[in-house]
Structures are given as C-alpha cells and as structure tokens.
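Here is a friendly briefing to read alongside the model. Please keep the viewer open as you go.

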There are 2 protein chains.
Amino acid sequence: MTAVKHMKWWGWGRDGVGFHHEDKPGFAPFVLNAVGLDLATATPVEEPAFDELTVPASTIGEALRTSLVSIVGEEYATTDDLVRVIHTYGKSLRDLVRIRANSIERAPDIVVYPADEKEVQAVVDAAVAADAVIIPFGGGSNIAGSLEPRAGESRVVISLDLGRLDRLIEIDADSGLARIQAGAQGPDLEEQLNARGWTIGHFPDSFTHSTLGGWVATRSSGMQSDKYGDIADITRGLRVVRPGGVLVLRPLPSTSSGPSIREMILGSEGRLGVITEVTVQVHRKPAKRDVYAYFFPTFEAGIRAMQDISESDAAPSITRISDAPETGFSLATSKDRKGFDKFLAGTVLPGLMRSKGWDLEKICLSFIGYEGSVPHAKRQKKLVDSIVKKHGGMGVGTGPGILYDQKKFDTPYLRDFLLDRGAAGDVSETAAPWSKLIQVHDNTIAAAQAAYNQLGIKGWIMSHMSHSYHSGACLYFTFAFVFGDDPLGEYDVVKKAIQQAFVDNGGTISHHHGVGREHSPWLEEDISPEGVAVMGALFGGADPGSNLNPGKIIGAGY
Amino acid sequence: MTAVKHMKWWGWGRDGVGFHHEDKPGFAPFVLNAVGLDLATATPVEEPAFDELTVPASTIGEALRTSLVSIVGEEYATTDDLVRVIHTYGKSLRDLVRIRANSIERAPDIVVYPADEKEVQAVVDAAVAADAVIIPFGGGSNIAGSLEPRAGESRVVISLDLGRLDRLIEIDADSGLARIQAGAQGPDLEEQLNARGWTIGHFPDSFTHSTLGGWVATRSSGMQSDKYGDIADITRGLRVVRPGGVLVLRPLPSTSSGPSIREMILGSEGRLGVITEVTVQVHRKPAKRDVYAYFFPTFEAGIRAMQDISESDAAPSITRISDAPETGFSLATSKDRKGFDKFLAGTVLPGLMRSKGWDLEKICLSFIGYEGSVPHAKRQKKLVDSIVKKHGGMGVGTGPGILYDQKKFDTPYLRDFLLDRGAAGDVSETAAPWSKLIQVHDNTIAAAQAAYNQLGIKGWIMSHMSHSYHSGACLYFTFAFVFGDDPLGEYDVVKKAIQQAFVDNGGTISHHHGVGREHSPWLEEDISPEGVAVMGALFGGADPGSNLNPGKIIGAGY
C-alpha cells in the first residue's frame, strides 16, 4: 500500500478506533427501548477476515496496466485485492452491509495514485483511449453509492485515488482565497490553513476522512455553513481534468458568464472529469467561537424560533435543533455526568421546565453558535436570546455545546457498532421551505413508522434541523432498527419510505450528500423529468463515451 | 400594438423622457473637457423617423402564422414592422448605433405575446415542429446582444414576448418566497410586493424597464445585492418551458441534487428554454434604509477600506466607491445646488481636505448603505465608520446618498443624449479578487487610453466599485468619446481593449450583463476552452435542433 491513508476496508475510520458505551450508562437502556436490542446479551460479530472475502479478479489487460504504470510508477498503480476492495464502495449502510456479507459484484480493476495534475491528465487520456471507466476517489466516505463500479461493467474500471494531491498550494491573503489540491483530507487542509492563521470553516460530519474534492463533487455542507456557506459558496476556482485537457475556472467573486460551469462541476460526482484543485474562500480564525445550548418546549416552537432568527438581523454560525426523540437520545448518550448532564439529570432543570408547564417528553435541545469578534459574537447572542425568549425557549449555557463540539465527528462509528450487533443505523437529510418544514418532519417520521409496521419491526427515527437559510432549512434524520432475515430488503423499505416522504412533501432528495445511485430513483421527482433531461444532455455531451463514472446521479438506483 | 409596454424603438425608456442638463451647470464644461464635445454648439440630430427605416420583410409562411395565431389570438401574433423592429435589438450602444444608422440585417418574422405558460408551451412546440427559432424577449433592455436574430438565419424567427406574464402569483410569507411571472417588469413586481409589505431587494440600473425573467436569463445584479444577493442567490424556484414540457424546479433553500439545473437556467439567455415563472426570496421592507457618503483621499485607500469592510463583521447593503475621474463627473453633474453640493462647491469641505494633505484631483466619493432594524443599521454604520477612519476617509452625511437614490435609474438616458450629438457613452463591468482589483482598474484605464490614442481621439473612462464579496468585487467602467467616420469600428477598438484588459488581468468578461454576442469572443479566456466545451455540450444536448436563441453566449461575436 502507498502512503495514502485509507479507512478500514469493512467500516468507518481507522483500525482500532470505534464506538463504545461503557462510559454512557444511559445508552444501553435507550437502545433496548428504541429498537429492542439488548446490548447486555447481544454478541458482536468478529471483525471480518479479509481472507474470507471473494474479490473479483482484475480484468485489466497488460497493455493498459503497463501504460498506467508508466505514468504513475509501479508503486502507485496496483491491482492488489485489498486496495481494490477499499476502492469498491463508499461507507453507506448499504456498502457496509454488502462488504460484511461478502457481496462484491464488481471491484475496480486497478487503483492508481497519480502524483500531480499532469499524471491525472495522462491517466484520464490513457483510460479514455482504452475505453476504460474512471472513478475518482477521495477519502472514500461517500454514502450515496457514488464510488462503486456498475455491476455489469464490461470495460476496465480504474479507481483514480487523489490521495497524493493533498497540499495547500498558496494563500491569497488580500482576497481570502486558498488554492488547495483536491485530495487533501479535512484535518490536513485545516491544519495547513490554521498554521497560517486561516480556516476554511467547512466541517461536515465526515470531516476527518473526507476530501476537498469529494466535498465539491457531492455539494457538501458543514456544521458552520450558516456562517461560512455550503461548499458551493466556498468554492471559487476549480481545475478539473477532462479527456484532452484541463478545465480551468479562475477564482472569481461573481460572474455572469452564462450557465455556471462552477455549479456544473459542483455535485458532478466524477461525471464531468476529475477535480484536481479547488480555490476556496478562507477566513481569519475568529477571536471568539461559542456554541450555546437552548431548550424549547416543543419542536414547532423551536423551528419557529429558528425561522425568526433567519429573518432577523442576527447571523449565528450554527443553528440546530433536535426534535424530542433526538433530544432524548442526546441526553441518554452523553458521557459527562459532572457538568451539564448532572444538572439535567438532577431535579433543578426538570423542575423549572415543569413549572413552566412543559411536557418533558416533548422538550427539544438546540445549539446555536456565535463566531467573530468578541462584541460581534456577544451582540448576535443577545439578538438570538430575545428571539428564543419570545418563543418560550430557555438558554442553558455552553456546557452541552462543548460536549457537542468534542463528539461531533464520532457519529459514523456508531453505525459499525450497531452493524456488529445485527442492527442498522443510517441517516437521510433533506431541505425544504420553512412553511413546509414541520410537514416534511412529521410525514417523514410517519412514513418511517409505517415502513417499520409493514416490516413488523420496532424501529427508531429522530431528526434535527441542521442548517438554516433565508427561505428554509435542512432536516437531518437518523433511523435504526434490528435486521431480520433480509437486511438490504428491509433497509430498502425504510429508506425508500423516507426519501419518498421528502419529495412528496416539498423537500429535496438530499441537502448535502449528493445523488449517486442511492438517491437517483427520486431525481425526476426532485428536479422534474425535463430537469433530468437537461442534466442528461450535459453528461451525454460532455462524456460521449461514458468513461466518466457512468451510472451515477442519472442511472439505475438499487 | 398590445397592452404590453415597450421602450422607444430607437432608444432608452419611454417616449418624451430623456436626459437634459439645463439644471446641471457643471455638465457642459465637464463634457467639453472630457471628450471635446461642445454642447453649446453641438446640434442634436432629430428623432429618427420610423418611416425611413428599412425593415426586412417577414419570412413567416401562412401555416406557421396561422398556427401561432390559433394559439395566442390574432391580436397577440403580429408581423407589424414597428413591433418587429422593437424586438430586433436590445439597448446596447451597438444596437442604438445600428438602429439609428438604418442597419437591420435580420428582424424577427413575428412577435407573439402568449397569455400564460400553456400558450408559451404551445408556441415553443409549434416553433420547434416547424424548425423555427425562438428568442424570448422581456423588457428589451439587454446590452450584450442577446436578443438579435443571427444575420444569416434562414429559418423563421419568432420573438416570444413575455410581457403579458406579469403577475405576482403568491407569497409564502413563512418562507419569504414570492412566486412571480417572468415577464413582470421591475416597478410592477416591486409595487405588487410593496403593497403586501415585501421587497425583492433587486435594483439593477435597468430596473424600470427590465423583467424578472431577463434578470435570471442574464445573471443580473442590483444596487443592494451586497445585502440581498445577486439574482442567482435570490432565485429559488423556476418554471422553464422547453420543447415538449415544462422544467420545474421547486423552491428549495439548498440542495445537493447533482450539477445545479437552477444555475444552468441562470445566465442561459434563452438557450435552454423560456423562463415563465421564478420563485424569489423576498424580505419585509426594512424599518431603516440610509445611504451615507464618504470621501477617501485616493482610490487605493477606498478599495482597501471596502476590502476591510468585506472581511469585518459589518454587513452593509451597498458598498460603492468611484475612482477620481468618476468622482469628478458626479460632482460636475449634480443638480442640487442647495444642500450638499453647495457645501462641496464652497470652501469648507475642500479646505478641510487640503488641510489633511489630500490632492483634490484624487479624491474618491463612496456610498455605503445600511438597512434593517434601526439599531442594526446604526451598528453597521458604526463598524463601517471606524474602518473608513482607519483608511483616512471621512463621512459627509446622507445628502449625496439621497441624490444618488433619486437619479440612480436615469443613467441610461444619457447614452441617447450623447448619441444625439455624435458621441458614444457605454459601460463594461467585471469582477476580480481583491488582490487584483487595482491592477484590473489601472490596466483597463490604460488599455482604453491606448485605444483612444490609437484612434487619435480624446476619450474618457471612469469607474466605480459597485458590489463587494468576501473574495473580491465588481468594477464598473463608463467610457465615452466623440465618433469619427466609423462609429462601430471605433467602438470596437475601445470595447475590445477594455474586455481584453479584464481577462488579461484576472477579471471576468461580465459581472452582471451576461455574454450574448458582445462578450462571447472572450468566453474561452474567461472559463477556459474546456469550460466552453462543457457549456457547448449542454446547449447542444439540450437543444439539438438549435431552435432556442442560437448563436448567443457561445457563437460568433461581432
């Protein structure tokens, strides 16, 4: 293997790191109640053994292999089974179930690690000349099925790993712009920026293992996007290797040069070329950054408060509110019994809530962040506090926010923990106008429950509003259930019910995870058949030989 | 003619309205000095007579004409020469020179005014079935050559006027979204919104005569876009009639559904279909709205201040600074000699500036706007004032801002005034990162001067920064000169020098006027040949018969 860091072939994150609940006494009872899984008796499966995996043999011929080796060097063009398996899937629930079930229909035939843009260009040109398929690969954290080769792909499939393109090239300090190679993973690029006093301000849940190029290719959003913008706002300049040449978009603050090519590359999941460089907006690290917690008596009251904040003169960096089930989950899984948790577990806060007539089963936890100069952050908080008060909410300080900050990147490990014990845990998110948000929330919960009922199982679903905009917000759902005899069949019933509820109620099929194969069946309902036709015209015209990650975004679902 | 309002066939605005300078004593001396035009002796040409115009005969056959009449009605499908001439060009300098010179190579063969989306669909389908060309027409204010039929177009050309689709359909008050028909002109839609307490916050210079659909089709930007966003930000939902069906994008605050179809329609200038409805972000009318004036000792100091403001916690609604030549122009052409102007024309302010060591030939006038609640506006001003002070600027109150507000939509009339007297007055704008802004400014001025020298004429060019963003800003240039024997030849030399300077120095070819034919020769230098190839793939795939406004954006320039 190369120096490029990869996640476990069978799960999230690095070897040896995982979720555990020994220090979270409320977790096991919560899980038992939520999905009927008894952690005291559930025996986790052993870590899967790579030797037992059936890996399709590489179909690459010697001519193309030699050609690729001549471009990147022997060390960086490998048909090694482990490396090919790592590059077969992303880390969706479906991906992890399949890899654990020894289900690999089609693996890439070769994985190449070009050193620079010139090598990327040579690989792409050689691949197209040989009518091979190119699938760009960043951190491998994708959960929309954007990385896997088509099952029946008869041509050679090349996984093009951008891992060696991980440098911060330059900072234009006057303009607040940083030119960064697309293969840089979150912590690497943020460290390089921090060392010079800057931040990109983009922190998706996958931050520790995802790349800048991957964020652009899937239209990522991060935890502080309310302040810094989604990756579509942050991205200013681009370099994209296409067959025959590099598409270059110089960094511009705004332009009216026709349909936006920048916005075509954003979300293109490899179908228009290989992103090699991104020039992004960066910011001086703020003097002040605080995340405050608030409680609301109901989800509706909290959403109304968030809507009022979005209309107001206040500009917080984070606006987030969990519904009652997710609030219950947060309280049950917190590990710090000293500070806030003790306070909440005690009698003072619940007593105060009861005295206000609140139903403790309906309370909702909210996090609101403030960033900037000290007086700016203070003023934002003052504006927000008055809106929270107007909607009957109460502030409870920074304690829970600190905990939120500490564990914000740990969630994906929980999925592997549940899979080890025969249970599914997954996420789906949408965005909708404010006027439809409660409807989307309630009907999605109801659709998931109906799916659980149809399957005759006890399932769980919870949600939070994670980002707000002038005209609406993102709702992020987490759902879980114990598998029966047909894990993927059961998963499909639940996942499809959730996605269908999104589009039926005015929401989009994904706010920040892209389309891939997972969400493509709903694309027509999201952007209309004519919208899909226009997108298909773009893909067909820009990649007439279907060499660039075919079958993604538009194509067969699962 | 129909009830749809049109501008003069030969110039800007309504009949009987024009620029005059009787109440601007500084104007004539300024013009004499700037371009050598003596207004005391220059005899304006007579208003052109329509009867003397040579209008190419309509080539439409009876079958298609009958078909179109059956869709929209006899009254709304006309081959009348005056109506066809009104729909032949936009209002660019090139357009006005040509129409005044009796130069119409190709006029549309018929103008149709559909009543609703259903009729638009029927017109588009009938046109495509007959292999005709469709050119959507809004207010006709375009200055990029987006509206004219190709000179050699052998097929029937239909100008599809959206003027009857001018209604505010509904407001989603919870979400701050308004659904508006694409043919609504600025004042009409803003009045309909104001009547219900809302504003769109979009005020381009062309506001009084341009339409919502036109703004979207050309990626418009307005005077308060720093606060409300460019039209690309404001636009949330779209309905676009394409051959065979309507492309529908529901209003969404954000989405990751692949390459953005919304951003493909934005700036598409009719090449992907006919925009019939736009759902836009709207805002409650602010409690406070003020425009303050400031002076800076130099343009560089002012630009550094604007850059600092963009990095700061302040969020003004307008940031604008004129360079020294434009400041001189503003001071010379003001008509109010009572308030601020008298003050400035007197001795106090110049004396104060001299006492600070300022060179009065280099001073730059800036306007900064504040909108929102009273305390918010006050706080923004306080933050800005301290940045202005840091860069050696001084505030001079709201007087000039009130004048700016009053005359902000009058500028286009000046072009006709100059043309009447044998002189050109035109605009070109770009956007670039902050680090390149002074370079773009200075080199564009130098390029225009070199062009004037090459032509052996005395020309004028001035500029202001009109919008600022995190990473850069828009520079808006106005230039003028007295025509010699070859008006368009001379214009081309100057215009080309300016556009070339934009791309050579890191700027884009247009910040908010689109590409059309006027800017298409520089598109490859702006978005790279591969970028143009991808855009061409989109147009080719989405409009295989080239029925939708062919030759615009990508195609021959002039």
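In E18(A), Ala473(A) is the bridge partner of Ala432(A). The model is predicted, so to speak of local features a pLDDT of at least 70 is needed, side-chain atom pairs count only at pLDDT 80 or more, and totals for chains, interfaces and linings use all residues. Residues are numbered from 1 along each chain as its sequence is written, chains are lettered from A and ligands numbered from 1 in the order in which they are written, and side-chain values use heavy atoms, with hydrogens and water left out.

**The sheet in chain A**

- Strand E16 (423-433) of chain A is joined to strand E18 (residues 472-482) of chain A by 11 bridges, and the two run antiparallel. Helices (H or I, at least four residues) and strands (E, at least two) are DSSP runs, numbered from the N terminus, and two strands pair if DSSP finds at least two bridges between them.
- Both belong to an open sheet of seven strands with antiparallel pairing, in the order E15-E12-E14-E13-E17-E18-E16 (chain A).
- Its edge strands are E15 (394-395) and E16 (423-433) of chain A, each pairing on one side only.
- Helix H12 (residues 324-333) of chain A lies across E12, E13, E14, E17 and E18 of chain A, at about 100° to E17(A). Contact means heavy atoms within 4.5 Å; axes are lines fitted to C-alpha atoms, for helices over the stretch in contact, and angles run from 0 to 180 degrees between N-to-C directions.

**Strand pairs in chain B**

- Strands E12 (residues 288-296) and E14 (residues 364-372) of chain B pair in the antiparallel sense over nine bridges, and Phe295(B) stands opposite Leu365(B) in E14(B).
- Strands E5 (residues 168-172) and E6 (residues 177-181) of chain B form an antiparallel pair over four bridges, with Glu170(B) opposite Arg179(B) in E6(B).
- The hairpin of E5(B) and E6(B) has four residues between the strands, and Gly176(B) there takes a positive phi near 60°.

**Where H20(A) meets H20(B)**

- Helix H20 (residues 523-542) of chain A packs against helix H20 (residues 523-542) of chain B at an angle of about 125°, with the axes 7 Å apart.
- H20(A) and H20(B) are therefore oblique to each other (under 35 degrees counts as roughly parallel, over 145 as roughly antiparallel, 65 to 115 as roughly perpendicular and the rest as oblique).
- Residues making the contact include Val534(A) and Leu538(A) of H20(A), and Val534(B) and Leu538(B) of H20(B).
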